[in-house]
Amino acid sequence: MLKNILLVALGGGIGSVFRYLTNIGILKFVTTKSFYATYLVNCIGCLLIGLLIGFFQKNQTESESLKLLFITGFCGGFTTFSTFGLENYNLLQTQNYITSLLYIASSILIGIAFVGIGIYLTK
């Protein structure tokens, strides 16, 4: 268990650093603070988690350690949106269309609402 926690922590730390560096890189091209950096990180994270899942499936890699390091750790530290994308992809692949739609809509709407509630409660 401790080994798994350390793998996730290592991957997550590296993923977080890459997210920070990506944000800095985007700000060199976009002079105003905007959603572009987050958008790009989310898109890259979704592509990356897809590449990793595909790679592990193609190579029949059952290494839980590698999955914890790269998928849970790195991708989770880089962006949790990649996991959100993967979970919805899996729901759609298993024809759970309603569940996927509810998950997407409620995550977005409740997420935005909770940000507002959190800000309101701290005032």
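Asn42 lies in helix α2, residues 36–58. Helices here are DSSP runs of H or I with at least four residues, numbered from the N terminus. The model is predicted, so local features need pLDDT of at least 70 and side-chain atom pairs count only at pLDDT 80 or more, while totals for chains, interfaces and linings use all residues. Residues are numbered from 1 along each chain as its sequence is written, and side-chain values use heavy atoms, leaving out hydrogens and water.

Asn42 has a relative accessible area of 16% and is therefore buried (under 20%; exposed is over 50%, partly exposed in between; 1.4 Å probe, protein chains only). Asn42 touches Arg19, Thr79 and Phe81, leaving aside residues up to four places away in sequence. Contact means heavy atoms within 4.5 Å.

The axes of α2 and helix α3 (residues 64–78) come within 10 Å and cross at roughly 170°. That makes α2 roughly antiparallel to α3 (angles over 145 degrees). Axes are lines fitted to C-alpha atoms, for helices over the stretch in contact; angles run from 0 to 180 degrees between N-to-C directions. On the α2 side, the contact includes Val41, Ile44, Leu48 and Phe56. Among the α3 partners are Leu66, Lys67, Phe70 and Phe78. By class, this contact has 13 nonpolar, one polar and one charged residues.

Helix α1 (residues 2–29) has 28 residues. Its first and last C-alpha atoms are 41 Å apart, close to the 40 Å expected at 1.5 Å a residue (1.5 Å times one less than the number of residues). The buried residues of α1 are Leu7, Gly11, Gly12, Gly15, Thr22 and Ile26. These pack against α2 and α3.

Terms used. Helices (H or I, at least four residues) and strands (E, at least two) are DSSP runs, numbered from the N terminus. Angles under 35 degrees count as roughly parallel, over 145 as roughly antiparallel, 65 to 115 as roughly perpendicular and the rest as oblique. Ala, Val, Leu, Ile, Met, Phe, Trp, Tyr, Cys and Pro count as nonpolar, Asp, Glu, Lys and Arg as charged, and the others, Gly among them, as polar.
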